[in-house]
Amino acid sequence: MKKRIGLALLLLLIGLLLPSPYYFTGDKSNTYDNEFINSLAKGLNNRWGIVNLNENDKDKGKDKITIKDYRDYIDCELIEIDKYNNRNFKDPKLKEFAKAYINNLKETREAILKRKFVDSPFTDEWEKYQRKRYELLLDINSIVKIPVKDKKSLNEILKSGKVIKEFNRVYGILVDTFKPENFEVENVNGADGNEKRYIGNFENTTGYDIRHIYIVIECYDEKDRVYFSRRFEPEGVWRNGTKKSFEFAIPDSDKEFKYFKVLISEKSLRYSKSVNF
């Protein structure tokens, strides 16, 4: 009898210690839209609290912010929202954005922990993930308002998210415009032999005047290696709704050339709203 009671207590204890199966598969009968939003707000509040403490310490002359501090910022949120990665949501778009946001935090954490110093490469990588994070917070807040205490900090992030989303839209249009298949090709005899000449007469359909754009053409050989490159940095403003011609030749294209790629620098892209005079 005592053995049976002892066994029953042991099984009960094991049952209490084991995580709920819903942690792994999600509760099929419940949805967690509201719980996620409240947990997200709590995580953001905690994160900003730690950020403010570190900024105050830095102002007092203490050591600069470390990689551990950046990790702590992320952990403040993950502690609150990681459990929703496999939970059910009533709104499928909210579920999609919630999962993407959680994964963004995890990927950021993994990336920064591979770094040894808070230097320029660290900052570039951190900012890359933050840009995506701001976009996702904007997407989530467009579905359900995030009930944070610090409305000012949230509004600044949402404002940045709108700017980033619009930049990505403009950049995406330019990438599609300069696809290799959109260039016309001519086979000509040059001074150095046969060459392919590519001509693109492209319209600016971004809705903005392009103030500066930096383009690199990379040519690849049969072994998929870059053997020739050409750079474009057009002068003047490329007005919205107008066309601009881009032309380049590939020497000895009948010997080495296999294909080319067009790369547009994100950091160098500048644009502004069109002004009608």
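Helices (H or I, at least four residues) and strands (E, at least two) are DSSP runs, numbered from the N terminus. This is a predicted model, in which local features need pLDDT of at least 70 and side-chain atom pairs count only at pLDDT 80 or more, while totals for chains, interfaces and linings use all residues. Residues are numbered from 1 along each chain as its sequence is written, and side-chain values use heavy atoms, with hydrogens and water left out.

**Figure 1. Overview of the protein.** The protein holds 7 helices and 8 strands. Of its 277 residues, 36% are buried (under 20% relative accessible area; exposed means over 50% and partly exposed in between, with a 1.4 Å probe and protein chains only). Among contacts (heavy atoms within 4.5 Å) with a separation of 6 or more, 74% join residues 24 or more positions apart.

Figure 2. Helix α6 covers residues 120-143. Its 24 residues should span 34 Å at 1.5 Å a residue, and the end C-alpha atoms are 35 Å apart, which agrees; the expected span is 1.5 Å times one less than the number of residues. At the start of α6, a side-chain oxygen of aspartate 119 comes to within 3.1 Å of the backbone nitrogen of phenylalanine 122. Glutamine 130 lies in α6 and counts as buried because its relative accessibility is 7%. Apart from neighbours within four places in sequence, glutamine 130 is in contact with Arg47 and Thr108.

**Figure 3. Packing of α5 against α6.** Helix α5 (residues 92-112) packs against α6 at an angle of about 165°, with the axes 9 Å apart. The two helices are therefore roughly antiparallel. Axes are lines fitted to C-alpha atoms, for helices over the stretch in contact, and angles run from 0 to 180 degrees between N-to-C directions. Angles under 35 degrees count as roughly parallel, over 145 as roughly antiparallel, 65 to 115 as roughly perpendicular and the rest as oblique. The crossing of α5 and α6 is left-handed (the near helix is turned anticlockwise from the far one by less than a right angle; right-handed if clockwise). Residues of α5 including Phe97, Tyr101 and Leu105 meet a set in α6 that includes Trp126, Tyr129 and Leu136.

**Figure 4. Packing of α4 against α5.** Helix α4 (residues 67-81) and α5 pack at an angle of about 155°, their axes being 10 Å apart. This angle makes α4 roughly antiparallel to α5. The contact involves residues of α4, among them Tyr70, Ile74 and Leu78, and residues of α5, among them Ile102, Leu105 and Arg109. As it passes α5, α4 makes a left-handed crossing.

**Figure 5. Surroundings of tyrosine 73.** Tyrosine 73 is part of helix α4 and, at 5% relative accessibility, counts as buried. Its side chain forms a polar contact of 3.0 Å with the side chain of asparagine 54. A polar contact is a pair of N or O atoms within 3.5 Å; within protein, one must be able to donate a hydrogen and the other to accept it, and residues adjacent in sequence count only if both atoms are side-chain atoms. Not counting residues up to four places away in sequence, tyrosine 73 touches Arg47, Ile50, Val51, Asn54 and Ile65. The C-alpha atoms of tyrosine 73 and valine 51 are separated by 7.2 Å, although these residues are 22 residues apart along the chain.

**Figure 6. Threonine 206 in a loop.** Threonine 206 sits in the loop between β2 (193-203) and β3 (208-212). Threonine 206 counts as buried, at 2% relative accessibility. Its side chain makes a polar contact with the side chain of asparagine 204 (2.8 Å) and reaches the backbone nitrogen of tyrosine 208 at 3.1 Å.
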